[in-house]
Amino acid sequence: SESENESVSENKNESENKTVNKSESENESVSENKNESESENESGNKNVSEKKSESESENENKSASENKGENESASESENESMSENKGENESVGVGENENERHNKSVQKITHPFHEEHPLVLVAEQSNEGLKAYCDGCRELLSTPCFTCIHCNYHLHKQCAEVPLYLPNHPFHPQHSHLGLFLRQRPYPNDQCPILFILHKKCLDELPTEINHPSHHIHPLFLYHRVRDLFCNLCQKQHSRPFYGCSLCHFNINIGCALPMSIVEDKSRHQHPFTLLRRRGSFICDACDTEGNFVSYICSTCNIMVHKKCTSLPRIIKFSRHDHCIFHKYFLKDLTRQVCKICFKEVKLDRGSYSCRKPGCNYVVHVNCVLEDDDLYKVIEEEKQWEELYEKSMQSSIIHVIEVNEAREATKIEHFSHQHCLVLANKMEREIERKCDGCMLSISPLFYYCSECPFFLHKTCVELPRIKQHWFRQSNATLNFKGFLKCSFCCRPCSGFFYTIRRYLQMCLMCAKVVDIIECEGHQHFLFFDFKCKENCNGCGIRCWHGAFKCGKCKFVLDFACLALPHSSFHKIDEHMLKLTYHDDKEKSYCDICEQERDPSLWYYSCSNCDTSAHPKCILGQFPFLNDGITWDDVDHPHTHDLNFFRKAEGYPECFRCGKLCQEEILKCGESTCNYIIHCKCRDY
């Protein structure tokens, strides 16, 4: 009776196009189908069920049972199949047709790459068009597609349906047992040491054999190898799948083998580029370097470029220049220019990046400025960068309390000190004091604390708390800490330092060094080369992480030598010792350590007394540490904090070596503890 009533009610609903969610019978049908009715209510059919009472359902079921007709046998067979699959069919509502129409009109999915919001299916394109790009394949968005109504995230329907895992693929037989995993972007620590990467569309669409105009005599076959392979077209090494001829040892990268016929991106170039295959080489008008076979032309601008140069950013902010720089295919109203990175000539009739601020002749080669992604940022509009730059610049002066007639701050609050600082022109007493910011001797115009011995140069006080530093295209934050080791000159320092990307610590002496510098020890300009790994001409030490080099001769300097003070006092001589760069003597000795000194390296000397010495002997092992500073290190064996001092009172014995302490020491900060060691005895 129950199944008969259910089947008849379903047939009745189909014929009358009504959605009835409850099919209770008089014989316990209401209690047995309670869960079925609740699930059907959740699927959007609750309104219909509320309009009908249980009595109306019973009357309809009774009247329907009396008028079964020809549909009874068909409904019975359907009910038999439903009873066999009870768990599945109980979740299907009687108003199935309306649910199907509703799901088709608004279909939603949750994608593992965008779990915060559901994605809604867009089946047809509107009149305005979809001016967006698919976040899966990065190509122009078209329907059908899935989109997020809360944020700017889109996926083509075929991209959204891509499987997350493939058990194996012939391109990567080395790890066929592991398979290939779908990623939004490559993981830095994936399973595979060769970092096998394959685009989804390359996986599906790449033909295994092609005939290419650059190699007419044989067909080219699709391969993948672990080692890098040289592309005969773009003249670069590639480790991805490639097409090759094993008979002729001719190989081309997939991007060169199957280039797009038309490239259009108005944010980079105002006109479309059209593919032009060539039999020979050409010079790219965008970057002034040679290309082979595959080129793109803009007939409107009459230029020919590499494939990669069709998408050159129009505006970038380069870390080594204060303004935005713009890409231009030729430069007008300029005479001979040299690249401010490599110091080689820039051709005015070829593409380059240049600054368009009045009076600024900053010009660089395209390949020089785009070589390192960490050194530049793509800017959509120049105004965007200027706004961000103004917001990022923060003063290190917290509050100006008093000013003089020239509107100069005479009393301030500074982030580095707990007391107010007062402006002064000279010291009241002739004492040797160092700036607590840069650790160099105090010179005229400085701020001091009237409550404790704290001094800062006026230039150090006015340093920005947050600034853009040329070494990286990211903000550098000014900090004040007791002790650190500079990541650039490798010296232990106290005072101010800039933190770049959380892991690079730059002392103030190194922070004041610009990327293009004129040095007294050399006749030409020096520029920083990130790839330089030569020996420094100042100290003879190998530079492993870049150095300043000359574009005209083989002269190299590291940060440590460029940050050396130009003069210094030492007890060996009554006069000021000056940093000297050349020695004509064939053999020289240090007057402090009495060891032989290399005459080709820098040293300190007094021309009056003929005194000369190594820089490390004049300055000491820790020239930029302040007395009393806490040695912020965890590897010393003592249980208390240790403070640094250049001299020890009374020449006590070192707890480590037993010798008298006559030079730099570390002393326990606890008044009840007399622990003292030489700095050199802690194996720094």
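Trainee: What are the ground rules here?
Mentor: This is a predicted model: local features need pLDDT of at least 70, side-chain atom pairs count only at pLDDT 80 or more, and totals for chains, interfaces and linings use all residues. Residues are numbered from 1 along each chain as its sequence is written, and side-chain values use heavy atoms, with hydrogens and water left out.

Trainee: Which residues touch the most other members in the largest nonpolar core?
Mentor: Phe488, Cys510, Phe548, Leu557 and Trp602 do, out of 69 residues in that core. A nonpolar core is a set of buried Ala, Val, Leu, Ile, Met, Phe, Trp, Tyr and Cys residues joined through side-chain atoms within 4.5 Å. Buried means under 20% relative accessible area, exposed over 50%, and partly exposed in between (1.4 Å probe, protein chains only).

Trainee: Where does this core lie?
Mentor: Between domain 3 (395-512) and domain 4 (564-620), because both give residues to it. Those bounds come from an automatic or database domain assignment.

Trainee: What does the second core include?
Mentor: Met304, Cys355, Val363 and Val369 are among its 49 residues. That core is separate.

Trainee: New topic. How many residues of strand β32 are buried?
Mentor: Nine of the nine, residues 492-500, so β32 is largely enclosed by the rest of the structure. Strands here are DSSP runs (E, at least two residues), helices are H or I runs of at least four, and both are numbered from the N terminus.

Trainee: Parallel or antiparallel, how does β32 pair with β33?
Mentor: Antiparallel, over four bridges, with β33 covering residues 504-507. Two strands pair if DSSP finds at least two bridges between them. Ile500 has Leu504 in β33 as its bridge partner. Three residues sit between the strands of this hairpin, and Arg501 takes a positive phi near 55°.

Trainee: And Ser494, buried or exposed?
Mentor: Buried, at a relative accessible area of 5%. Ser494 lies in β32. Its C-alpha is 6.4 Å from that of Leu484, 10 residues apart along the chain.

Trainee: What does His156 touch?
Mentor: Cys134, Cys137, Glu139, Leu140, Leu141, Ser142, Pro144 and Cys145, leaving out residues up to four places away in sequence. Contact means heavy atoms within 4.5 Å. His156 lies in strand β4 (residues 154-156) and is buried at 7% relative accessibility.

Trainee: How many salt bridges does a search of the whole structure find?
Mentor: It finds 12. A salt bridge is a side-chain nitrogen of Lys or Arg within 4 Å of a carboxyl oxygen of Asp or Glu. One of them joins Asp288 and Arg350, with the closest N and O atoms 3.7 Å apart. Asp288 is in the loop between β14 and β15, and Arg350 in the loop between β20 and β21, so the pair ties together parts 62 residues apart in sequence. Asp285, Asp288 and Arg350 are linked in a network of salt bridges.

Trainee: What about Glu408 and Lys458?
Mentor: Their side chains meet in a salt bridge at 3.7 Å, N to O. Glu408 is in the loop between β25 and β26, and Lys458 is in helix α13 (residues 458-461), so this pair ties together parts 50 residues apart in sequence. Glu408 is partly exposed at 27%, while Lys458 counts as buried at 15%.

Trainee: And what is the N to O figure for Asp583 and Arg597?
Mentor: It is 2.8 Å, again for a salt bridge between side chains. Asp583 is in the loop between β39 and β40, and Arg597 is in strand β41, 14 residues apart. Asp583 is buried at 15%, and Arg597 is buried at 4%.
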